[in-house]
Amino acid sequence: MSVFKNEISQVDHDALVHIVVDAFRRIVFHYGAWFAEVAHQVGLDKALSVEGRVWDATLSNQIDRLGKTLGFETDNGVPAALKALPRETLLDLVEKLSVNWLANDGIWFQAVEKKFGMGDAKRCNDTCWTRFSPFEAHRIKALLKLPDDGGLPALKQALGLRLYAFINEQSIKEVDDHCFIFEMNNCRVQAARKRKGLPDYPCKSAGMVEYPYFASTIDPRIRTECIGCPPDAHPDEWFCAWKFCIDG
């Protein structure tokens, strides 16, 4: 009879460190795989509702366990040291996490483009936005405790807490009581391409998913219209602009 031998007891220190990091990677992947399959089986709206309960349960569970092993205190499911950080550091941390999110998005895009071509990369990117945009809206809605029928005021608040909002420059122009225009005045991705002398990245197909899905998750009554988005021509003061309206 053969006996299974735990290979981890044989690895050196450096390899063990990489195993620890890879365990986090597997947790993140498994979490996402669960969400994707639940959304596939029961629909995105129901999956978002379930994910909220899962996150509340798993976060405190995992953080408390790590705290006991690594010797840090926890406070309501988050590291106490995080709460003790000054406001300026927390704001900087949010910005750095937002940059990491965007960089991660770009790395995925470039990897798929290099392997399969621009067409497949854009198709994957646009489809990802059908999941991420409503998820981000759902999370912001919960964080701000926005009502289901919050209308345009709720959407304005939510747009200010997107990860994009922490690294890009954006503004809102009032049209009337039932409409406003959102402008992306400086886009980190497009600005980088401009500095390199490259043309705008044609992101309209993604935007046509990203913005309507975000707005309708905040309030399903909100209608989204694209004023302009690359490859459309646009003025110097914005890269893309979107009009959000709701019937009175």
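**View 1. D219 and its salt bridge to R221.** D219 is buried, with a relative accessible area of 1%; here buried means under 20%, exposed over 50% and partly exposed in between, using a 1.4 Å probe and protein chains only. Its partner in a salt bridge is R221, with the closest N and O atoms 2.7 Å apart. A salt bridge is a side-chain nitrogen of Lys or Arg within 4 Å of a carboxyl oxygen of Asp or Glu. R221 counts as partly exposed, at 45% relative accessibility. Please keep in mind that this is a predicted model, in which local features need pLDDT of at least 70 and side-chain atom pairs count only at pLDDT 80 or more, while totals for chains, interfaces and linings use all residues. Residues are numbered from 1 along each chain as its sequence is written, and side-chain values use heavy atoms, with hydrogens and water left out.

**View 2. Salt bridges that link separate elements.** A search of the whole structure finds 13 salt bridges. In one of them, R162 meets E136, and the closest N and O atoms are 3.4 Å apart. Because R162 sits in the loop between helix 6 and strand 3 (169-176) while E136 sits in helix 5, the pair ties together parts that are 26 residues apart in sequence. Helices (H or I, at least four residues) and strands (E, at least two) are DSSP runs, numbered from the N terminus. R162 counts as buried at 2% relative accessibility, and E136 counts as buried at 7%. K156 and E174 also form a salt bridge (2.5 Å, N to O). This pair links distant parts of the chain, with K156 in helix 6 and E174 in strand 3, 18 residues apart. K156 is partly exposed at 27%, whereas E174 is exposed at 53%.

**View 3. The largest nonpolar core.** This core has 24 residues, and those with the most contacts inside it are L155, F182, F214, W242 and F244. Such a core is a set of buried Ala, Val, Leu, Ile, Met, Phe, Trp, Tyr and Cys residues joined through side-chain atoms within 4.5 Å. Two or more residues come from each of helix 5 (118-144), helix 6 (151-159), strand 4 (179-186), helix 8 (204-218) and strand 6 (240-245). Helix 6 gives the largest share, 5 residues. Leaving aside residues up to four places away in sequence, F214 touches S133, E136, A137, I140, L155, A158, L159 and R162, where contact means heavy atoms within 4.5 Å.

**View 4. Aromatic pairs.** Rings of Phe, Tyr and Trp (its six-membered ring) pair if their centres lie within 6.5 Å; planes under 30 degrees apart count as stacked, over 60 as edge-to-face and the rest as tilted. By this rule the count comes to 12 aromatic pairs. F109 and Y201 are edge-to-face, at 5.5 Å centre to centre and 85° between the planes. F109 lies in helix 4 and Y201 in the loop between helix 7 (188-195) and helix 8, 92 residues apart. F109 counts as buried at 15% relative accessibility, and Y201 counts as buried at 14%. The rings of Y211 and F244 have centres 6.5 Å apart and planes at 45°, so this pair is tilted. Y211 is in helix 8 and F244 in strand 6, 33 residues apart. One aromatic cluster is formed by F180, F182, Y211, W242 and F244.
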